[in-house]
Amino acid sequence: MLAPLKVFNSIASGIADIHPYAKAVMSIFTYASNIIIAQADRDNAVRALLEKLSEVYAFMNEDGRLAEIESMQAIFGKIARQTLECADFITHYSETKSAWRRLAKNVIAETDAKIYGYNNVLEALMQQFRNRAIRDTALDVHQIDRAVHDIDVKVHRIAEDLDFKDMVYVDGAGWDTSKRCLPGTREDILKEIKDWVDETGEDVKRVFWLSGTAGKGKSAIAHTIANWFDERGGPGACFCFDRTREAEQRHEKIFTTMARDLADRDPIMWRALGSAARDNELRHTKDITRQWKKFILGPVDAAAQAVDAPVLLVIDALDESGEARSREQILDMLAGNPDPFPPELLKLPANLRVLVTSRPLDDIQKYLHGASHVHHISMDDISHVSLESSQRDIQVYISRRLNYLRDDEGFDDGHFKMLAHKSDGLFEWARLACEYIKGTNSAGVEPMDRFEDLTAGTSESITGAHLLDDMYRRTLTKLIPMDEKAIARVRSVMAQILGSLEPLSMVALTEMRLCFLDAA
């Protein structure tokens, strides 16, 4: 039954000089096959899953199959990761049975349901590969992604789950598909980051810092990269800071959240995190230095010992963590500051890649700019990201957002091009401009009226942050009624927010407002 696994290993060991991503996928398949072959005590209950895995490896052994890894990354990555999950289930089946019995579950029924789900996903992935036409069946790939998620491969890891299920986790801090770059935009910078993720060797810079002033599209790039890495089956985590949610103290929860996300995507890191989290005091610590060492570096290093594949962390909008002191420790660890930390804490595993996006604030600049292991790209550097390229991408964005106005309102490519030119390369200005033109808050004012008002009122001499300030002023002027009572209420709300000692949640601000004499 296991002959195809042994044949695959012999083929894999003879392949050299392949694309880094293909090498990573081969490493996962090889590791999975080795731990299955080495598993001497195989329960008959998992025989059906072994037969399916044997079929998968036979499928991979077919002539020319392995040569297609690079061109069909998403499916290959999913097959590899699902195979690793199945291998982990088989090798730890005895522990799983014991956990199910402790929870008073029917072991036979649980086993059959789990194997049935695994087999269905593996068969669906192989069929998707056979179809070949990824471009025409992209929706099917996403449907399979959902199927893999719905099966919930974590069931057989119940024992470890009990050890860290109560670790602090920030909901809504991950990547968002709606915030990705539009297809065909930002292609140069996206390719550079993807190539960096796949680079191999000890001399690869572990941290990629993408900086830029507000509105340059840094977050869209971060969400795109996080989504790309997840779709091709890579173990990664994305954490987004948000200045509107400073009250949550997200900087204290970044690494516990990312650690749980990594564990969800890789059984090796899941078990490593479960082992570390058995320490109850450590599991609830707010010391992010200890979190980084035990919950991130430990599991990532464990994965590196088993599989030669990258692990990606995406930290978006680090400048929105709060005051400079809120991110000081994070920057210390990313920059490799030798003063407060021992050398072993600063050495990042060879398989770890950390993508950081932020505005070039002084404190972040001081830590990351010039660090030997940090690759820095500035979106404000015209030599790297040309204004023409940015405006072309922005025109694509605007034309898609306002495309419905072509027939009914007389808009055409010329109008979209003018808006892109006015944007000065700022995606945030373009987004606000689209919302302004689509606005329905003024009776009798048509989209073309708002377009003309916007383009005529935006001076060519206003650029950069001043351009955004002008757009904010214009938007607020339209939204806030110019009467004495409305202005007084707005000023009262702003005074409440600005007068708070620290950021407060919307619920807290609303409760406070009930005590205000002018709250009406």
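Reader: Why is aspartate 424 called partly exposed?

Author: Its relative accessible area is 22%. Buried means under 20%, exposed means over 50%, and partly exposed is what lies in between (1.4 Å probe, protein chains only), so aspartate 424 counts as partly exposed. Bear in mind that this is a predicted model, where local features need pLDDT of at least 70 and side-chain atom pairs count only at pLDDT 80 or more, while totals for chains, interfaces and linings use all residues. Residues are numbered from 1 along each chain as its sequence is written, and side-chain values use heavy atoms, leaving out hydrogens and water.

Reader: Where does aspartate 424 sit, and what is its phi near?

Author: Aspartate 424 is in the loop between helix H20 (413-422) and helix H21 (427-438); helices are DSSP runs of H or I with at least four residues, strands are E runs with at least two, and both are numbered from the N terminus. Its phi is near 55°, a positive value in a residue other than glycine. Most residues other than glycine have a negative phi.

Reader: What about arginine 186, buried or exposed?

Author: Buried, because its relative accessible area is 5%. Arginine 186 has a positive phi too, about 55°, and is not a glycine. You'll find it in the loop between helix H8 (158-164) and helix H9 (187-198).

Reader: How do you know that arginine 250 is buried?

Author: Arginine 250 comes in at 4% relative accessibility, so it counts as buried. Its place is the loop between strand E2 (236-240) and helix H11 (254-265). Leaving aside neighbours within four places in sequence, arginine 250 is in contact (heavy atoms within 4.5 Å) with several residues, among them Val170, Asp171, Phe239 and Asp242.

Reader: What makes the pair of arginine 250 and cysteine 240 a polar contact?

Author: A polar atom of the arginine 250 side chain lies 2.5 Å from the backbone oxygen of cysteine 240.

Reader: What makes E2 mostly covered?

Author: Five of its five residues are buried. On one side sit Gly236, Cys238 and Cys240, and on the other Ala237 and Phe239.

Reader: Why is lysine 105 called partly exposed?

Author: Lysine 105 has a relative accessible area of 36%, so it is partly exposed. It lies in the loop between helix H5 (93-102) and helix H6 (107-131). Not counting residues up to four places away, lysine 105 touches Trp100 and Glu110.

Reader: Which class does isoleucine 497 fall into, and where does it lie?

Author: Isoleucine 497 counts as partly exposed at 39% relative accessibility. It lies in helix H24 (residues 484-498).

Reader: And for the whole protein chain, how many helices and strands are there?

Author: The protein chain has 25 helices and five strands. Of its 520 residues, 49% count as buried. Residues 24 or more positions apart account for 80% of the contacts with a separation of 6 or more.

Technical notes:
Polar contact = N/O pair within 3.5 Å; in protein donor to acceptor, adjacent residues only side chain to side chain.
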